[in-house]
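Dear colleague,

My notes on it follow directly after.

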Amino acid sequence: MAEEASSAAPAAGTKMTMVVGVDDSEPSLYALRWTLQHFFPPVHLPPPQQYRLVVVTAMPSAAVGIAGPGALMDVRAFVESDLKRAAERVIDKAKDLCAQLQVSDAEFEALEGDARTVLCHAVERHRAEMLVVGSHGYGAIKRATVY
């Protein structure tokens, strides 16, 4: 177990990775802003950034079921296009926020799938030490009725 922890640590001189999950909600953008303000000092101020930032948003799969010849393809293409535009808007907001706070070396990804799965895979793929997400403020009862 201790061997696993030590092998997961970044090599000397490399930055640790932080994945921030964003969507189009205010709590999500607040979490990104808070993270940037507390962990990513402007480039002209010491100390240098200790983290590599990866901002990830999830696009839900376009599952549409409409009967009729040709109807499914037309609607599915429209829905997929709309989902991609929505993800691009989220990424653009995140890029604007990073630019405002002078964080220039962030990576941005928009991936298809359920947000929980997308974020877990992003953490594994980037070998992140930290995952940051916002909270909508749902309590346990509200979460139980949503899922």
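A residue is called buried here if its relative accessible area is under 20%, and exposed if that area is over 50%. Please bear in mind that the model is predicted.

By that criterion, strand 2 is mostly covered, with 7 of its 9 residues buried. For the chain as a whole, buried residues account for 27% of the 147 residues. The accessible surface comes to about 9,600 Å², and carbon and sulfur atoms hold 58% of it.

The secondary structure consists of 5 helices and 4 strands, and along the sequence these follow the pattern α-β-α-β-α-β-α-β-α. Of the contacts between residues at least 6 apart in sequence, 72% join residues that are at least 24 apart.

The 4 strands form an open sheet with parallel pairing, in the order 3-2-1-4. Its edges are strand 3 (107-112) and strand 4 (130-132), each of which pairs on one side only. Neighbouring strands are turned against each other by 25° on average, direction ignored.

Strand 2 and strand 3 run parallel and are joined by 6 bridges; Met59 stands opposite Glu112 of strand 3. Strand 1 and strand 2 also pair in the parallel sense, over 6 bridges, and the bridge partner of Val19 in strand 2 is Val54. Strand 1 (residues 16-21) pairs with strand 4 over 3 bridges, again in the parallel sense, and here Val20 stands opposite Val132.

Two helices lie across these strands. Helix 2 (residues 26-39) lies across strand 1, strand 2 (51-59) and strand 4, at about 155° to strand 1. Helix 4 (residues 115-126) lies across strand 1, strand 2, strand 3 and strand 4, and runs at about 150° to strand 2.

In soluble globular proteins, nonpolar side chains tend to be buried together. The largest nonpolar core in this model has 17 residues, and those with the most contacts inside it are Val20, Leu32, Leu36, Phe40 and Leu53. Strand 1, helix 2, strand 2 and helix 3 (71-100) each give two or more residues to this core. Helix 3 gives the most, with 4 residues. Leu32 illustrates the links within the fold: leaving aside neighbours within four places in sequence, Leu32 is in contact with Val20, Val22, Val55, Ala94 and Leu97. A second, separate core has 7 residues, including Val19, Val56, Val118 and Leu119.

Asp24

Which part of the chain holds Asp24? Asp24 is placed in the loop between strand 1 and helix 2. The relative accessibility of Asp24 is 48%, so this residue counts as partly exposed. Once neighbours within four places in sequence are set aside, Asp24 is in contact with Val90 and Lys93. With Lys93 there is a polar contact between the two side chains, at 2.7 Å. Asp24 and Ala87 are 63 residues apart in sequence, while their C-alpha atoms are 8.4 Å apart in space.

With kind regards

How values were computed
Residues numbered from 1 in each chain as written. Predicted model: local features only at pLDDT ≥ 70, side-chain atom pairs only at ≥ 80, totals over all residues. Heavy atoms only, no water. Pairing = 2+ DSSP bridges. Axes fitted to C-alpha atoms, helices over the stretch in contact; angles between N-to-C directions. Contact = heavy atoms within 4.5 Å. Buried < 20%, exposed > 50% of the residue type's maximum accessible area, 1.4 Å probe, protein only. Polar contact = N/O pair within 3.5 Å; in protein donor to acceptor, adjacent residues only side chain to side chain. Core = buried A, V, L, I, M, F, W, Y, C linked by side-chain atoms within 4.5 Å. Areas by Shrake-Rupley, 256 points an atom, 1.4 Å probe, with all protein chains shown as cover.
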